[in-house]
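Okay, everyone, thanks for coming. Let me put the model up and then talk you through one residue and the overall layout.

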Amino acid sequence: MEPISILDADQCWNLLSESVFGRLALSVDGEPEIFPINAYAADGTVLFRTGEGTKLSEIAVNGRVAFETDGFTSKIGWSVVAKGTARILTGTSEIAEADKLPLKPWVPTLKMNYVVIDVEEITGRRFKFGPEPDRYPV
């Protein structure tokens, strides 16, 4: 196994669908921001819940976002980045369907809003951990 290998889309979706935590990257007043979120991924989308505030306000203005999730053991690691357009669910039937999914807030706060990211690009890498190669080989 190479120290770094590129994952194909199926491998990325498999890892993403098994993840429940990641980071949402978006632009707030023209500046990059990253927020930790718990999420649910399936069928080309990433779904999360949020309360009123910065994430919701910025998505209403600029829906271009990235979601990153990763994992590791003592020997290997991986990272998946999904880029796309986020939109706030507003339709009664969409919200009712989202309510059926296994997505509950982790912290005891009200998160009344569902946001779905329609993923347009997904990339990933797997990493094999080990010692740094010799900088000055003989």
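So, which residues does Glu68 touch, not counting residues up to four places away in sequence? The answer is Gly22, Arg23, Ser79, Val80 and Val81, where a contact means heavy atoms within 4.5 Å.

Quick housekeeping. This is a predicted model, so local features need pLDDT of at least 70, side-chain atom pairs count only at pLDDT 80 or more, and totals for chains, interfaces and linings use all residues. Residues are numbered from 1 along each chain as its sequence is written, and side-chain values use heavy atoms, with hydrogens and water left out.

Back to Glu68, which sits in strand 5, residues 64–72; strands here are DSSP runs of E, at least two residues, and helices are runs of H or I, at least four, numbered from the N terminus. Glu68 counts as buried because its relative accessibility is 18%, and buried means under 20% relative accessible area with a 1.4 Å probe, protein chains only. Its side chain makes polar contacts with the side chains of Arg23, at 2.6 Å, and Ser79, at 3.0 Å. By polar contact I mean a pair of N or O atoms within 3.5 Å; within protein, one must be able to donate a hydrogen and the other to accept it, and residues adjacent in sequence count only if both atoms are side-chain atoms.

Zooming out, the protein has three helices and seven strands, running β-α-β-β-β-α-β-β-α-β from the N terminus. The C-alpha trace spans about 65 × 35 × 30 Å along its principal axes. Of the 138 residues, 38% count as buried.

Notes. Buried < 20%, exposed > 50% of the residue type's maximum accessible area, 1.4 Å probe, protein only.
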